[in-house]
Amino acid sequence: MKDKDIIITKCVELENTYSNLPEKLYSRQKPSDSPSPKLVIFNDSLADDLGLNKDFLKSKEGVDFLSGNKILEDSTPISESYAGHQFGHFTMLGDGRAVLLGEYISKNGNRYDIQLKGSGVTKYSRGGDGKAALGPMLREYIISEGMNALGIPTTRSLAVVTTGEKVIREKILDGAILTRVASSHIRVGTFQYAANWGSVEELRTLADYTLNRHYKKEDYEGNPYIYLLNEVVDKQASLISKWQLVGFVHGVMNTDNMTISGETIDYGPCAFMDIYDPETVFSSIDTYGRYAYGNQPNIAMWNLARFAESLLPLLDEDEKKAIKLAEKSISNFGNLYKKYWYQGMRKKLGIFNEEEKDKDLIDDLLAIMYKSKADYTNTFRSLTLSKLEGMDIFKMEEFKSWNNLWKERLSRQEEDEEASKRLMEENNPIVIPRNHRVEEALEAATENNDFTVMKSLLDAITRPYDYSNINEYYSMLPKSNGCKYRTYCGT
Ligand code: AMP
Ligand code: MG
């Protein structure tokens, strides 16, 4: 590969601590060239939050940086090694189409990976072209920014550039690169890789790096690796409860797509559920519903068990003791998940304090929603607005009885109706990135080079709790065409 042109600027300073790790964990990798890069979307508010230099990033040289044409002086771009269980099968993977340009320290002092996704072949491409098409990269941009606005931990999207190159999929498509920002890209699969192909010392170095990157030393209690395991279990229980509370279906919860930071990552075949149904699956390849909406908590626990297995040599020298410790930590997932889920559900129903019977009230509402095929988001939205009309569920006798019990429940707390309504507004989105609206935005952008539809959608979904500004267009359900919405992996 020809040597990269270097940008000599102090406009963005990157560090490369990951490349101090054992060499097995990454490979040095410069991004491929993009023949005629063009910035098609840029996230001003994220750049502002991080304190990134927008003028530089939008300049010609900045676009060369975002398209991999030029790299910063002193930068050590790498691709990371990782393995993973994909639909239950263990494989060696790695960044097959991503290059980590470096780590950026934000104005708040937080460290973020700046990664190019779709920037060409790497050591881990396994016969793939290392490239990405415009549609899937815009899709990741839309959904990740929507998730962030919903208050759900996630990797972020800084920019998308088209490369000027075509990529060949089922059709010939415009190539594109997404600039992804993440508090790290360390995955469950990164630990699986280190445990399987590295020495115990290499595994320990990765665990120490992870602890150092994501936790404060003064918070560790006892064995730091048990602390790490417990923290990751807790973070994932909280994350998955947040997905469930908004009806998000990730679609490909392989262990390589689960972060140690607790951020949602890898927006491939994900989508939001319309009608409440635990069996909801969108991904065309998830034939048996392994990653169905209702199965996500179980799968998270399964993935965390794989994480715990990878950590075993660090938990205790005595393997039996290590297994006991791991089992204890993993078995806690269910309780943590339920705690977060019911806490979230109470808020969605405007409930401040806890009563034993709340669980029944919540479970009963979901059962009625299931029976009446109610739209998940709009049911809670209507309850928040006290507009019990326009949906079949509100005509059901079962719902009317439930509604009386709910009103009684609300009257048993100190907070008044106004406070309850505010709590509901803060926890029930008026708008989510609905599949047909996302498709509409992507079609305009990829077929007609019209980004206005995507910008309007982003404007709506990045203010999901703003009840002073209700745009009915984004709450409308798709007109049924008899076909189930299907998503495809973002390759
Ligand atoms: P994903 O489904 O995006 O999580 O990707 C699963 C694995 O396939 C990861 O190792 C990716 O880096 C790799 N991969 C996905 N798309 C490509 C591609 N076009 N070329 C090479 N590797 C890819
Ligand atoms: Mg992935």
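I started with Arg169, which comes out partly exposed at 24% relative accessibility. This is a predicted model, so I keep that in mind throughout.

Arg169 pairs with Asp129 in a salt bridge, with the closest N and O atoms 2.7 Å apart. I then checked where the two sit: Arg169 is in the loop between strand E11 (156–168) and strand E12 (172–182), Asp129 in the loop between E9 and strand E10 (132–133), and 40 residues separate them. Asp129 is partly exposed too, at 30%.

I also noted a network here: Glu15, Glu103, Arg111, Asp113 and Arg213 are joined through salt bridges that share partners.

Next I ran the whole structure and got 37 salt bridges. One of them is Lys24 with Glu202, at 3.0 Å, N to O. Lys24 lies in the loop between strand E1 (5–7) and strand E2 (26–28), whereas Glu202 is in helix H6 (residues 200–214), 178 residues apart. I have Lys24 as partly exposed at 36% and Glu202 as partly exposed at 21%.

Then I looked up Lys117 and Glu140, whose side chains meet at 2.7 Å, N to O. Lys117 is in strand E9 (residues 111–117) and Glu140 in helix H4 (residues 134–149), so this pair ties together parts 23 residues apart in sequence. Both Lys117 and Glu140 are buried.

On to the metal. The magnesium ion (ligand 2) has Asn257 (OD1) and Asp266 (OD) as its protein donors, at 1.9 to 2.1 Å. Asn257 is buried at 10%, and Asp266 is buried at 14%.

Last, the surface: Glu414, Glu415, Asp416, Glu417 and Glu418 form a patch of negative charge. Glu417 belongs to helix H14 (residues 417–427) and is exposed, at 72%.

Technical notes:
Residues are numbered from 1 along each chain as its sequence is written. Chains are lettered from A and ligands numbered from 1 in the order in which they are written. This is a predicted model: local features need pLDDT of at least 70, side-chain atom pairs count only at pLDDT 80 or more; totals for chains, interfaces and linings use all residues. Side-chain values use heavy atoms; hydrogens and water are left out. Patches are made of residues with over 30% relative accessible area and no salt bridge: like charges are joined within 9 Å, nonpolar side chains (Val, Leu, Ile, Met, Phe, Trp, Tyr) within 5 Å. Accessible areas come from the Shrake-Rupley method with a 1.4 Å probe; for residues, only the protein chains shown count as cover. A salt bridge is a side-chain nitrogen of Lys or Arg within 4 Å of a carboxyl oxygen of Asp or Glu. Lys and Arg count as positive and Asp and Glu as negative; His and the chain ends are not counted. The place of a charge is taken as NZ of Lys, CZ of Arg, CG of Asp or CD of Glu. Helices (H or I, at least four residues) and strands (E, at least two) are DSSP runs, numbered from the N terminus. Buried means under 20% relative accessible area, exposed over 50%, partly exposed in between (1.4 Å probe, protein chains only). Donors are N, O and S atoms within 2.8 Å of the metal (3.2 Å for Na, K and Ca); water is not among the atoms, so sites may look incomplete.
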